[in-house]
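Please open the model in your viewer and keep the selection panel at hand. The tour moves from one selection to the next and says what to look for at each stop.

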Amino acid sequence: MKFQDYKYERPNYGEIKKSFLDLVNKIKTADNYKDQHTYIMELNNTRKHIETMSTLASIRNSINTADEFYEKETQYWDEYGPLYTELNSDFYKVIVNSKFKENIINDFSEQFYKICEYSLKSFSPEIIPDLQEENKLMSRYTKLLASAKINFNNEELNLSGLYKYMLSQDRKEREESSKAYYNYFEIHEEEFDEIYDNLVKVRHDMAKKLGFNNFTELGYIRMDRTDYNPEMVVKLRKQVLEYIVPLCNKLYEKQAKRLSLDKLTYIDENLEFLDGNATIKGDSSYIIENGIKMYNELSTETKEFFDFMLENDLMDLETKHNKSAGGYCTYIPDYKAPFIFSNFNGTSEDMDVLTHEAGHAFQLFMSRDIDMQEINFPTLDSCEIHSMSMEFITYPWMDIFFKEDTDKYKFAHLTSAIKFLPYGVVVDEFQHIIYDNPYMSKAERKAVWRDLEKKYLPHRDYDDNKILEKGCWFFKQGHIFKDPFYYIDYVLAQICAFQFLKKMEENKENGWEDYLRICKVGGTESFLQIVKTGNLISPFDDNCIEFIIKNLEMNIEKFEKNL
């Protein structure tokens, strides 16, 4: 069935609540595990349907934020989502208190049981109004980004549409398009500040009501981090500072020389070559046509997956007016269907989206028979391993997309991934500081951001851009507003993905089997368990970055020779 034929119908909360609680009671009072298991799965079908309706509304609203019907449905889910969370909390209580704990763990995994425990710690009916307010603020932020209409080069563009001009070989065009882009944030500075200020405060209030000292503690629990803590993350950030920041400084110095610049400023960072970045040699249909060839040749599993995505129209790829910014992959449980959303903008990033989001979608496709929704998709730190690794696993096919620009693309892609790590820890450390100090002023928050940039991104030069020099770059980073504490997951996963690059170079068959294995386990394992399942070195290991950095430098040198 094609995506457009997936039926959306707003659930009747009153009816759902009655049947939901009736099944919760049956689970609670079952005197044998066979009956309890039957009731658990019956209730899970109801929960999957609720999730399906919520996801369909979200996808269709993000495809067109001006669609009045789905805007109203988004408002419904903003209000009622926390009420459905309350019902789930009742389900988690009977799971955690079940006298058949060992059977539940055996059937659904220890990770599922821990997620139930964590979900109980992160919810109380008392915080429902706060969750509703949090949802409304996040929707307001999404709409503020999506509603950008910027006149540039005789076109009316959204933020994604401007990006291709920000990569122009013409430095004046890069400068003017960059100023136009960030001018939008300057015009709306007060609104972005207000949204974030309210988000920080409402999250802090929730944490206090739940008995935590601050939202940092609650944030880790909401992320289901069952096997690592902030102290371990601090050590990881130190590794990045010690090993990766010096390497990045060298990369930026070489980049300035390639661009014949005395100094590299913010308008130049995303342009790697004086004659232009690598370009895909065709439009979106060309990308899909060659994507079919790539995934057909990679493995029988990826062929089946990509055919399924195409046959059912489960990708919305091109940018257009009123479409939400960014890209994502999500899952529609009633149809066992992943969905890929992106904003193709005519740059090499379109390829990154195709491989990155397809990595998420492939994992979901491979674990689609795991019926319990908490463990179909793994925790976000783990799922980013699948997406980032797929970007490297598909390297052998990049020539059919980029042709003579293939080494250009690989060089820029790899060095961009390395350069990301310091930025990723900036986002993470920023959030720790902000949520540990929730009553900072708006100006103080922006100063914290700018200070962290100077620490981890010492090359960054904002020239005469006052809004960025003030510390407002983070306004455009949606995760900071909508997914607090998510971003370190990308850092953890990127370090694992670098290991898959090394694996695929040394032994493609073994590397692919390791990758396939971590896709099939879905979310039945925690992050460190998945690391072990994939035969990876933990990013928290003191020697991990030192282990991978030699291979990274070797690949950089190899690609440089062919530029």
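Begin by selecting K446 and E189, both of which are buried (buried means under 20% relative accessible area, exposed over 50%, and partly exposed in between, with a 1.4 Å probe and protein chains only). Their side chains meet in a salt bridge, with 2.6 Å from N to O; the term stands for a side-chain nitrogen of Lys or Arg within 4 Å of a carboxyl oxygen of Asp or Glu. The pair links distant parts of the chain, since K446 belongs to helix α18 (residues 442–456) and E189 to helix α9 (residues 189–209), 257 residues apart. Helices here are DSSP runs of H or I with at least four residues, strands are runs of E with at least two, and both are numbered from the N terminus.

Before going further, note that this is a predicted model, in which local features need pLDDT of at least 70 and side-chain atom pairs count only at pLDDT 80 or more, whereas totals for chains, interfaces and linings use all residues. Residues are numbered from 1 along each chain as its sequence is written, and side-chain values use heavy atoms, with hydrogens and water left out.

Next, select D461 and K263, which form a salt bridge whose closest N and O atoms are 3.3 Å apart. D461 lies in the loop between α18 and α19 (466–469) and K263 in the loop between α11 (230–258) and α12 (284–298), so this pair ties together parts that are 198 residues apart in sequence. D461 is partly exposed, at a relative accessible area of 22%, and K263 is also partly exposed, at 44%.

Move on to D369 and K336, another salt bridge, with the closest N and O atoms 3.2 Å apart. Here D369 sits in the loop between α14 (349–366) and α15 (380–393), and K336 in the loop between β4 (328–332) and β5 (337–344), 33 residues apart. D369 is exposed, with a relative accessible area of 62%, while K336, at 32% relative accessibility, counts as partly exposed.

For a network of salt bridges, select E269, R450, E453, R460 and E469, which are linked in this way. A search of the whole structure finds 48 salt bridges.

How many disulfides does the count come to? By the rule that a disulfide is a pair of cysteine sulfur atoms within 2.5 Å, the count comes to zero. Select C329, which is in no disulfide, the nearest cysteine sulfur being that of C383, 8.6 Å away. C329 is buried, with a relative accessible area of 11%, and C383 is buried as well, at 0%.

Now display helix α21 (residues 488–506) and helix α22 (residues 508–520), whose axes come within 5 Å and cross at roughly 140°. Axes are lines fitted to C-alpha atoms, for helices over the stretch in contact, and angles run from 0 to 180 degrees between N-to-C directions. The two helices α21 and α22 are therefore oblique to each other, given that angles under 35 degrees count as roughly parallel, over 145 as roughly antiparallel, 65 to 115 as roughly perpendicular and the rest as oblique. To see where they meet, select F500, K503, M504 and E506 in α21 together with K508, G511, W512, D514, Y515 and I518 in α22.

Finally, stay in helix α21 and select Q494, which is buried, with a relative accessible area of 5%. Leaving aside neighbours within four places in sequence, Q494 is in contact (heavy atoms within 4.5 Å) with M388, F392, A417 and L421.
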